[in-house]
Amino acid sequence: MTYMFEVYYKLPADSEKEAALLQCVAKLGGRLNYREEPQNDLAAGVCLTYGFDRLEQAEAAAESLRRQGEHVEGPQDYGP
């Protein structure tokens, strides 16, 4: 089973922010699984999906990002 959570942030897209988020997540065993591109000018923001092999890793990373002020939804199981 794998676990995931999503991080949302407002536009404009920010590659430096995304690199910093990935660095934090990777230190706790996570990886970027998907980046949802804004579909149009009315999109509210960017959605980044991070995956983990263990729930404890996902919970620790999510809490770390929340302490930094990020909007995190999850973690939850992602299936086998």
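Visitor: Is R31 buried, exposed or partly exposed, and how do I read that?

Guide: This is a predicted model, so let's go by its computed surface values. Anything under 20% relative accessible area is buried and anything over 50% is exposed, with partly exposed in between. At 32%, R31 therefore counts as partly exposed.

Visitor: Which residue does R31 meet in a salt bridge?

Guide: Look for D53: the two side chains meet with N to O at 3.3 Å. D53 sits in the loop between β3 and α2, while R31 is in strand β2, so the pair links distant parts of the chain, 22 residues apart.

Visitor: How many salt bridges does the structure hold?

Guide: There are 5. One of them joins E70 to K17, with the closest N and O atoms 2.8 Å apart. E70 belongs to the loop between α2 and β4, and K17 to helix α1, so this pair ties together parts 53 residues apart in sequence. E70 is buried at 15%, and K17 is partly exposed at 24%.

Visitor: What does E18 pair with in a salt bridge?

Guide: With R35, and the closest N and O atoms are 2.7 Å apart. E18 is buried, at 14% relative accessible area, whereas R35 is partly exposed at 22%. Leaving out residues up to four places away in sequence, E18 also touches Y9, V46, L48 and Y50.

Visitor: Which strands pair with β3?

Guide: Strand β1 joins β3 through 8 bridges, running antiparallel. Strand β2 pairs with β3 over 5 bridges, again in the antiparallel sense.

Visitor: Is strand β3 mostly covered or mostly open?

Guide: Mostly covered, with 7 of its 8 residues buried. Take T49, which lies in this strand and is buried with a relative accessible area of 5%. Its contacts, not counting residues up to four places away in sequence, include M4, F5, L32 and N33.

Visitor: And which residues have the most contacts inside the largest nonpolar core?

Guide: In a core like this, buried nonpolar residues are joined through their side chains. The largest one has 16 residues, and F5, V7, Y50, F52 and L65 have the most contacts inside it. The elements giving two or more residues to this core are β1, α1, β3 and α2. Click on V7 to follow some of its contacts: among them are L21, V46, Y50 and L65, with neighbours within four places in sequence left aside.

Key: Residues numbered from 1 in each chain as written. Predicted model: local features only at pLDDT ≥ 70, side-chain atom pairs only at ≥ 80, totals over all residues. Heavy atoms only, no water. Buried < 20%, exposed > 50% of the residue type's maximum accessible area, 1.4 Å probe, protein only. Helix = DSSP H or I, 4+ residues; strand = E, 2+ residues; numbered from the N terminus. Pairing = 2+ DSSP bridges. Contact = heavy atoms within 4.5 Å. Core = buried A, V, L, I, M, F, W, Y, C linked by side-chain atoms within 4.5 Å. Salt bridge = Lys/Arg side-chain N within 4 Å of Asp/Glu carboxyl O.
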